[in-house]
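Colleague: I am new to this one and would like to walk through it with you. Could you show me the model, and then take my questions one at a time?

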Amino acid sequence: MHSNYYRLLRSAGKNTLNSGYTHLRYRLEPEEGLQYELFAQFQGDQIRGMQERYLLGGNLRLKLWQKEKTNLFLGLGGMYESEKWTYSAVEDSLLPADISDFYTQYAKLNFYLSYWEDFNPKLRTQLVLYLQTRPDSEWQKARIFVSNEWSWKIAKHWALAFGAQLNYELAPPVPLAKFYYTTSWALKYSW
């Protein structure tokens with residue numbers, strides 16, 4: 001599986017939105033209801049100061065429930081995460097004395113719950129909840145990410161999609177708001 005998502009918005013010669021990711025995932029299914037997943041991801045959110053984020057990891061993916069048009073999966077695994085942050089999005093009053101780029105590198109536990117349902121041949125929803133945290137004394141510095149997308153098929157290969165993403169970081173790497181969200185409309189092409 002491969003997915004890309006990039007957003008760039010310029011206004012008055014400046015980037016007001018510049019974020020996205022490239023995600024690669026490979027699944028093996030050794031037995032019914034259980035899959036092994038390997039994944040890699042590159043991500044950035046320059047408006048928030050995340051210049052780059054690299055992930056490399058693997059999960060066990062368990063099928064919790066499946067009917068003809070509904071699926072529910074649980075993923076449990078680990079990953080290596082490397083990030084580069086700047087203080088470009090931090091309010092002046094919160095800036096530390098040293099504002100040089102900030103790097104993090106951690107092994108993390110990765111948990112997710114994934115649900116999707118086809119309500120009819122033209123309407124589908126997908127909801128995914130991620131929890132990523134360190135497996136040490138800093139476990140309370142978790143990231144929680146919720147993604148929901150509604151997709152309406154409008155032609156053989158085309159769909160109109162509405163998405164909402166909610167992000168909560170219990171301890172952001174730089175002094176930023178702990179909660180942020182995005183919503184979007186997209187025209188999607190599938191083959």
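Predicted model: local features only at pLDDT ≥ 70, side-chain atom pairs only at ≥ 80, totals over all residues.

Colleague: Which residue in β7 is the bridge partner of Y115?

Modeller: β6 runs antiparallel to strand β7 (residues 123–133), and 11 bridges join them. The two strands form a hairpin with 2 residues between them. Within β7, the residue that bridges to Y115 is L127.

Colleague: β6 must have another side to look at. How many bridges join β5 to β6?

Modeller: These two strands run antiparallel. One of their bridges pairs W85 with F102 in β6, and another pairs M79 with K108 in β6. The number of bridges between β5 and β6 is 16.

Colleague: In the hairpin of β3 and β4, which residue takes a positive phi?

Modeller: Strand β3 (residues 34–45) pairs with strand β4 (residues 50–67) in the antiparallel sense, over 11 bridges. L34, for instance, has L62 as its bridge partner in β4. The hairpin has 4 residues between the strands, and the one with a positive phi, near 100°, is G49.

Colleague: What percentage of the residues count as buried?

Modeller: For a sense of scale, the C-alpha trace spans about 55 × 45 × 20 Å along its principal axes. Of the contacts between residues at least 6 apart in sequence, 45% join residues at least 24 apart. Among the 191 residues of the protein, the buried share is 31%.

Colleague: Is G75 buried or exposed?

Modeller: G75 lies in strand β5. Leaving out residues up to four places away in sequence, G75 touches L60, R61, N110, F111 and Y112. Buried means under 20% relative accessible area. The relative accessibility of G75 is 0%, so G75 counts as buried.

Colleague: And how about G13, buried or exposed?

Modeller: G13 lies in the loop between β1 (2–11) and β2 (14–31). The cut-off for exposed is over 50% relative accessible area. G13 has 55%, so G13 is exposed.

Colleague: How many Å separate the C-alpha atoms of G13 and L95?

Modeller: Along the chain, G13 and L95 are 82 residues apart.

Colleague: How many residues make up the largest nonpolar core?

Modeller: As background, nonpolar side chains tend to be buried together in soluble globular proteins. Here the largest nonpolar core consists of M50, W85, Y87, V90, V174 and L176. Leaving aside neighbours within four places in sequence, M50 is in contact with Q43, G44, D45, E83, K84, W85 and R143. The core's total is 6 residues.

Colleague: I would like to look at a pocket too. Which element gives the most to the lining of the second largest pocket?

Modeller: About 200 Å³ of space lies in this second largest pocket. Of its 14 lining residues, the closest to the centre are T104, Y106, K141, A171 and P173. The elements that give two or more residues to the lining are β5 (70–85) and β6 (102–120). With 4 residues, the element that gives the most is β6.

Colleague: One last thing on that pocket: how many charged residues are in its lining?

Modeller: Sorting the lining of the second largest pocket by class gives 6 nonpolar residues and 1 polar residue. The number of charged residues there is 7.

Technical notes. Residues numbered from 1 in each chain as written. Heavy atoms only, no water. Pairing = 2+ DSSP bridges. 1 Å grid on protein atoms, 1.4 Å probe; cavity = no way out; pocket = protein on both sides within 12 Å on 5 of 7 lines; lining within 4 Å. Points joined across faces, edges and corners; volume = space filled by probe spheres on them. Nonpolar A, V, L, I, M, F, W, Y, C, P; charged D, E, K, R; others polar. Core = buried A, V, L, I, M, F, W, Y, C linked by side-chain atoms within 4.5 Å. Buried < 20%, exposed > 50% of the residue type's maximum accessible area, 1.4 Å probe, protein only. Contact = heavy atoms within 4.5 Å.
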